[in-house]
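Student: I have a model open on my screen and would like to learn how to read it. Can we go through it feature by feature?

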Amino acid sequence: MTSQEKQEMVVTPWEVSGDIDYDRLIEQFGVQPMTQSIADRIAKHAGYMHLQLRRGVYLSHRDTDWWLDEYEKGNKVGLYTGRGPSGHVHLGHLLPWFFCKYLQDAFDADLYFQMTDDEKFLQRDELTLEETVALTYENALDVIACGLNPEKTFIFSDTDHIGEIYRLGLKVAKRVTYSTVKAVFGFQDSTNIGMIWYPALQAMTCFLQSSREGRNIPCLIPAAIDQDNYWRMTRDIAEKMGYYKPAQIHAKFLPGLAQGGKMSASQPDTAIFTTDPPKVAAKKVMKAFTGGRDTVEEQKRLGGRPEVCNVYAYYYFLFEEDDDKLVERERLCRCGGIMCGECKKQLAERVKVFLTEFQEKREKAREVLDEFLLKPLNEKE
Ligand code: TYM
């Protein structure tokens, strides 16, 4: 296959591959394109516009404007996101978690953080339940290292905290038919029955804060758009259960280091994990797919193509905070003023610094992990 050929797009909660066409996803999933007004309103409350909002990382939403209206009326609002602990955390996972930290501070919102050790056990043949449960607590360190507030963050494991969540999960499950989940998720006769039940648990968390506090609290879910199937299903039953429909704000995918698709733990050579030794991560960066030309001579003459370059994407999504410097990097690339080797070297250095700092925070998180875990309602704080 040549680099020009398009690879077919697949976007489901369990697989993201090919060339992602976000406009088509917005249409297929029936979501609203993100607006400047929503970005401005969020920034007004936060006191600044987050890099991810400035750079259009959030491509679409559902009812985020309503969630903001509720907050502006003086009502309490909440946040929900999660992780399927199937391996170590990579940089792509961090994007929505950094954004949650920003929203948590801006809106003084509680964040319910679901660790779906059940989902990953059921879905991945190669993983044992003991492994996914252990990964829950390893991955929780990454969540905490994003700087979340321990008093307002409630991390829970589906398996360990089942006593806290089972009843609400059942109330969801009773309202969703097999034919609905088959249509929404593409389940087959050969799908194990655990997977068929599991969506009830991912949906349940949309109502968990409301259920625990005994009043309706608008819930916003920051996540990449791959999780959208769950929210379509949940929104259909929310009001019948007496809750608000959950709102969503959808992120684009951080690409992997190879061409096409997103950063994915199932392709470890092309993903940067938060646990990678910084030097190993730097080596991966040096092998990344770029928008460069075949020869240096051609690149000097024609310039590079930042629009297809993963290295540029990393600066754009995460590693260049300064907008003017980003524009200058793009200009240099397009006019052949910087070669891919140099651009990769500079990125590799930034990745090393980032990982060194992040890993320190991650280690410190071990000492405070318990403060972040969801406690039973009747347990005295
Ligand atoms: P999981 O573990 O696949 O992904 C965790 C979060 O990371 C996002 N994500 C990415 N974002 C940007 N670039 C990427 N390359 C990238 N890869 C993954 C995902 O969208 C997700 O936000 N079933 C879920 C766990 C879950 C959940 C939730 C996620 C339970 N409740 C509520 C989001 C919101 C899962 O396996 O996520």
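This is a predicted model: local features need pLDDT of at least 70, side-chain atom pairs count only at pLDDT 80 or more; totals for chains, interfaces and linings use all residues.

Student: Is Asn310 buried or exposed?

Tutor: Buried means under 20% relative accessible area, exposed over 50%, and partly exposed in between (1.4 Å probe, protein chains only). Asn310 counts as buried because its relative accessibility is 7%. You'll find Asn310 in helix α15 (residues 310-319); helices (H or I, at least four residues) and strands (E, at least two) are DSSP runs, numbered from the N terminus.

Student: Which residues is Asn310 in contact with, leaving aside neighbours within four places in sequence?

Tutor: Contact means heavy atoms within 4.5 Å. For Asn310 the list is Pro255, Gly256, Leu257, Ala258, Gln259 and Phe289.

Student: How do I read which face of a helix is buried?

Tutor: Start from the geometry: an α-helix has 3.6 residues a turn, so residues three or four places apart point the same way. In helix α1 (residues 22-29), the buried residues are Tyr22, Leu25, Ile26 and Phe29. They line one face of the helix, because they fall within an arc of 100° seen down the axis of α1; the arc is that of the directions from the helix axis to the C-beta atoms. Asp23 and Glu27 are exposed on the other side of α1.

Student: What covers the buried residues of α1?

Tutor: The cover includes β1 (10-11), β3 (32-33), β4 and α12 (228-238). Look at the helix ends too: at the start of α1, a side-chain oxygen of Asp21 comes within 3.2 Å of the backbone nitrogen of Asp23. Just after α1, Gly30 has a positive phi of about 65°.

Student: And how about α4?

Tutor: Its buried residues are Thr64, Trp67, Leu68 and Glu70. These fall within an arc of 155° seen down the axis of α4, so they too line one face of the helix. Among the elements covering them are α2 (36-46), β4, β5, α5, β8 and β9 (247-251). Gly74, which follows α4, has a positive phi near 100°.

Student: What should I make of phi values?

Tutor: Most residues other than glycine have a negative phi, and most peptide bonds are trans. Asp63 is not a glycine, yet its phi is positive, about 60°. Asp108, in the loop between α5 and β6 (110-115), also has a positive phi, near 50°.

Student: Where is Asp63, and what does it touch beyond residues up to four places away in sequence?

Tutor: Asp63 is in the loop between β4 (58-62) and α4 (64-72). With 26% relative accessibility, Asp63 counts as partly exposed. Asp63 touches Arg235 and Ala247, and its side chain makes a polar contact of 3.1 Å with that of Arg235. Asp63 and Ala247 are 184 residues apart in sequence, but 5.0 Å apart in space, C-alpha to C-alpha.

Student: How many residues surround the ligand?

Tutor: A residue is near a molecule if one of its heavy atoms lies within 4 Å of it. Here 26 residues surround the ligand, and the closest are Tyr80, Arg83, Gly84, Glu119 and Asp226. A ligand oxygen is 2.8 Å from a polar backbone atom of Gly84, and a ligand nitrogen is 2.8 Å from an N or O atom in the Glu119 side chain. An oxygen atom of the ligand is also 2.7 Å from an N or O atom in the side chain of Asp226.

Student: Which element gives the most residues to that shell?

Tutor: That's β5, with 4 residues.

Technical notes. Residues are numbered from 1 along each chain as its sequence is written. Side-chain values use heavy atoms; hydrogens and water are left out. A polar contact is a pair of N or O atoms within 3.5 Å; within protein, one must be able to donate a hydrogen and the other to accept it, and residues adjacent in sequence count only if both atoms are side-chain atoms.
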